[in-house]
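Let us read a model together, one feature at a time. Keep the sequence and the coordinates open.

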Amino acid sequence: DFTADWCGICKTNELVALNRTEAQQFIARHGIEFMVADFTQEDPEIRKWLNTFGQENVPLTVIIPPGKDSKVIALRGAYTLDILMGKLRQAVEGAEETVATLGTAEKISAGYTP
């Protein structure tokens, strides 16, 4: 989550989606690593990462599904809990589909544990 204290939309996203119990429980249940990039001081390193994801400024929430061929899911601007949950489910389901197509040796090398 790329956010800043001065960003009203960021704070709204946190209130209506990111910090809601349903989202937090889903994140915990699926072992998703949640990271925050605080852009309040407009850090150059964070700006570099924003640019990497095709964004000039906050807000930006990036979901990176596991797997080398997975596509990054970017939520730009304001979003709702339903939108966030849909994107999180999409990322998890895509990862599960990828694991289902792997052979045993590939699963082990990918770090998959049932």
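This is a predicted model: local features need pLDDT of at least 70, side-chain atom pairs count only at pLDDT 80 or more; totals for chains, interfaces and linings use all residues.

Q: What average pLDDT does the chain have, and where is the pLDDT below 50?
A: Start with confidence, the predictor's own score for each residue. The chain averages a pLDDT of 87, and 82% of the residues score at least 70. Over residues 98-114 the pLDDT is below 50. That stretch has five contacts in the model beyond near neighbours in sequence.

Q: How do I read a strand such as β3: which residues lie on each side?
A: In a regular strand the side chains alternate between the two faces of the sheet. Now take β3, residues 60-63. L60 and V62 lie on one side, T61 and I63 on the other. These four are all buried, so both faces of β3 are covered.

Q: Which strand pairs with β3, and in what sense?
A: The partner is β4, residues 73-76. The pairing is antiparallel and runs over four bridges.

Q: Is T3 buried or exposed?
A: Compare the relative accessible area with the cut-off: buried means under 20%. T3, in strand β1 (residues 2-3), has 5%, so T3 is buried. Leaving out residues up to four places away in sequence, T3 touches C10, K11, E14, V36, A37, D38, F39, T40 and V58.

Q: Which side chain makes a polar contact with that of T3?
A: Look at E14, in helix α1 (residues 8-18). The side chains of T3 and E14 are joined by a polar contact of 3.0 Å. E14 also has a side-chain polar contact with K11, at 3.3 Å.

Q: Why does E14 count as buried?
A: The relative accessible area of E14 is 15%, so E14 falls under the 20% limit. Beyond its neighbours within four places in sequence, E14 contacts D1, T3, N19 and R20.

Q: And H30: where is it, and how accessible?
A: H30 sits in the loop between α2 (21-29) and β2 (37-38). Its relative accessibility is 34%, so H30 counts as partly exposed. Sequence distance and spatial distance should be read separately here. H30 and V92 are 62 residues apart in sequence, yet their C-alpha atoms are 7.7 Å apart.

Notes. Residues are numbered from 1 along each chain as its sequence is written. Side-chain values use heavy atoms; hydrogens and water are left out. Helices (H or I, at least four residues) and strands (E, at least two) are DSSP runs, numbered from the N terminus. Buried means under 20% relative accessible area, exposed over 50%, partly exposed in between (1.4 Å probe, protein chains only). A polar contact is a pair of N or O atoms within 3.5 Å; within protein, one must be able to donate a hydrogen and the other to accept it, and residues adjacent in sequence count only if both atoms are side-chain atoms. Contact means heavy atoms within 4.5 Å. pLDDT is the predictor's confidence in each residue, from 0 to 100. Two strands pair if DSSP finds at least two bridges between them.
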